[in-house]
Amino acid sequence: MTEASFFERVEDNKVRCLLCPHQCVIAEDRTGICRVRRNQAGILYAETYGRCASFALDPIEKKPLYHFYPGSHILSIGTRGCNLKCRFCQNYLLAHGEPQTDYVTPQDLVTMVKEKVAGSIGIAYTYNEPLIWFEYLLETATYAKKQGLKNVIVSNGFVNEKPLEELLPVIDAFNIDLKAFTEDFYQRLTGGELEPVKNTIVKAAKSGCHVEVTMLLVTGENDSREEVAALAHWLAEEVGKDTPLHLSRYFPNYKMTAPPTPLETMEQAHETARQELHYVYLGNVPELTKSDTFCPHCGSLVISRRWGSVRIENLRGNRCQVCGAVLNIIR
Ligand code: SF4
């Protein structure tokens, strides 16, 4: 097993993990909340180092990233474990289950992407929470970057500053899943906290990473006009009006039984967020067709996304072909 980064010894051979804000104090032969970092004889080990549970070549739009190499594909990998306990988890078999895993070294993974996965721009660390896979993620991403691949993280953003700072130089893009915009929601329904996630979003964006944000609107819990307005306002002020925001429709899953988010609520949330942000998209609602990108300066359609097909319409490089404005799109 690989020794973990970011821990300190405390009394009685216990260790304190310093990777995420839980800062679990872990007794011998036990793991922290995430179930993947184990104390053995006073040393913390990363149990899932190299253990991959899931591989798929996905459209980048599925992450979702709409402004990062639109229309491309990326090899997506994940393992098991999560440091949050969201009652509405959409990936609970990997996050909270015991999936079968295969051991793949960082070098073998990068070689596989380069030589055997035609058309992948790089590696997306996704499905479960990738930041608790820290050691493998850092080593793989560092090697992948040297080999000219892109690194994408799809994360809950619940991580301490120091590990985040170590990772940022090798990460090209983040999609950060903001669960809600109140501490109450985080405490009741996820077991986490909002402030560290806000900090991750700001820090990642300021470091030069491409950042998109997703929020699942859970019926009656975080879908009010006030909460969406507060989130959009904060994002516009702290990260910028050009930050893409994905509002996803919730469906009952795992331990959450509330009915799906009403379509009117999704439409209202889109309209509310658009008052602050240039790029707001709806996810899991193909019937509302709110997934196209328009130039915020002249209103021209620049990328259309319909039923899984992505078409570049009026875009040359990252400029609107109609008015010439530079858009927050990386190609
Ligand atoms: S990464 Fe895991 S073990 Fe470490 S503090 Fe977070 S939940 Fe606890």
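A residue is called buried when its relative accessible area is under 20%, exposed when over 50%, and partly exposed in between, with a 1.4 Å probe and protein chains only. By this scale Tyr92 is partly exposed, with a relative accessible area of 31%, and Tyr254 is partly exposed as well, at 32%. The model is predicted, so that local features need pLDDT of at least 70 and side-chain atom pairs count only at pLDDT 80 or more, while totals for chains, interfaces and linings use all residues. Residues are numbered from 1 along each chain as its sequence is written, and side-chain values use heavy atoms, with hydrogens and water left out.

The aromatic rings come next. Rings of Phe, Tyr and Trp (its six-membered ring) pair if their centres lie within 6.5 Å; planes under 30 degrees apart are stacked, over 60 edge-to-face, and the rest tilted. Eight aromatic pairs are found in a search of the whole structure. The pair of Phe6 and Phe134 is edge-to-face because the ring centres are 5.3 Å apart and the planes stand at 80 degrees. This pair links distant parts of the chain, 128 residues apart: Phe6 is in the loop between strand 1 (2-3) and strand 2 (7-9), and Phe134 is in helix 3 (residues 134-146). Helices (H or I, at least four residues) and strands (E, at least two) are DSSP runs, numbered from the N terminus. Phe134 counts as buried, at 1% relative accessibility.

Tyr92 and Tyr254 form a stacked pair, 4.8 Å centre to centre with 20 degrees between the planes. Here too distant parts of the chain are linked, 162 residues apart: Tyr92 lies in helix 1 (residues 92-95), and Tyr254 in the loop between strand 15 (245-249) and helix 8 (263-274). One aromatic cluster is formed by Tyr49, Trp133 and Tyr136.

The ligand has 13 residues around it, of which Cys17, Cys20, Gln23, Cys24 and Cys34 come nearest; a residue belongs to this group if one of its heavy atoms lies within 4 Å of the molecule.

The backbone also deserves attention. Most residues other than glycine have a negative phi, and most peptide bonds are trans. Gln23, however, has a positive phi of about 45 degrees. Gln23 lies in the loop between strand 3 (15-17) and strand 4 (25-26), and is partly exposed at 33% relative accessibility. Arg35 likewise has a positive phi, near 75 degrees. The peptide bond from Lys63 to Pro64 is cis, with omega near -5 degrees.
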